[in-house]
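Student: Could we go through this one together, in questions and answers?

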Amino acid sequence: MFSDKDIQGVYDHKGNLIGVIISPKLWQAIEDEVNPIIDKYLGVSEEQVAAQDIEEPIADWENFLNFWDFRYPVEKKVICHHCGCETSDWTADSPRKFLLKAANIAGLVTFQCLQCKARVIKRHFKDHIQYEVIPYKED
């Protein structure tokens with residue numbers, strides 16, 4: 001079905017392999033099996049890929065924003081002090097780094113870090129935000 005022509009190495013002037021060209025026909029045959037491996041080595045976890053399909057309570061987040069009356073602007077930054085993962089805007093990340101788990105009008109917003117699975121809690125007070133991180137534990 002496939003031949004040597006469906007996959008070719010690309011070499012630099014010193015003979016070092018610098019890439020591989022895969023024919024469209026071969027790529028279509030192997031893409032579903034290869035993409036998870038590529039994502040793993042590019043640092044994209046299965047949780048991050050799966051998070052793209054999970055519905056977050058965005059209506060709760062929007063409700064929280066509608067009742068915003070704090071003395072500082074809305075902050076979309078999220079930091080996991082457990083593994084160091086961070087983003088300046090969790091809503092704009094692709095793939096997602098954090099998954100919104102809950103938000104309420106009292107100022108409590110929680111996320112799951114998709115790198116280490118820790119729970120990141122942001123408590124919004126009138127004049128500051130307090131972070132808390134609860135590391136993930138398997139039962």
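This is a predicted model: local features need pLDDT of at least 70, side-chain atom pairs count only at pLDDT 80 or more; totals for chains, interfaces and linings use all residues.

Tutor: Residues are numbered from 1 along each chain as its sequence is written, and side-chain values use heavy atoms, with hydrogens and water left out.

Student: In which sense do strands β1 and β2 pair, and over how many bridges?

Tutor: Strands here are DSSP runs of E with at least two residues, helices are runs of H or I with at least four, and both are numbered from the N terminus. Two strands count as paired if DSSP finds at least two bridges between them. β1 covers residues 7-11 and β2 residues 17-22, and Tyr11 stands opposite Leu17 in β2. The pairing is antiparallel, over five bridges.

Student: Which residue in the turn of that hairpin has a positive phi?

Tutor: β1 and β2 form the hairpin, with five residues between them. The turn residue with a phi of about 90° is Gly15.

Student: Which element gives the largest share of the nonpolar patch?

Tutor: Patches take residues with over 30% relative accessible area and no salt bridge, joining like charges within 9 Å and nonpolar side chains (Val, Leu, Ile, Met, Phe, Trp, Tyr) within 5 Å; areas are Shrake-Rupley with a 1.4 Å probe, and for residues only the protein chains shown count as cover. Ile7, Tyr11, Leu17, Val20 and Ile22 make a nonpolar surface patch of about 470 Å². The elements giving two or more residues to this patch are β1 and β2. The largest share, three residues, comes from β2.

Student: How many salt bridges are there?

Tutor: A salt bridge needs a side-chain nitrogen of Lys or Arg within 4 Å of a carboxyl oxygen of Asp or Glu. Among them is Arg123 with Glu132, at 2.5 Å from N to O. By this rule the count is four.

Student: Is Arg96, the salt-bridge partner of Glu56, buried or exposed?

Tutor: The closest N and O atoms of Arg96 and Glu56 are 3.0 Å apart. This pair links distant parts of the chain, 40 residues apart. With buried meaning under 20% relative accessible area, exposed over 50% and partly exposed in between (1.4 Å probe, protein chains only), Glu56 is buried. Arg96, too, is buried.

Student: Why does Lys122 count as buried?

Tutor: Lys122 forms a salt bridge with Glu75, the closest N and O atoms being 3.0 Å apart. Glu75 is partly exposed, at 23%. Lys122 counts as buried because its relative accessibility is 2%.
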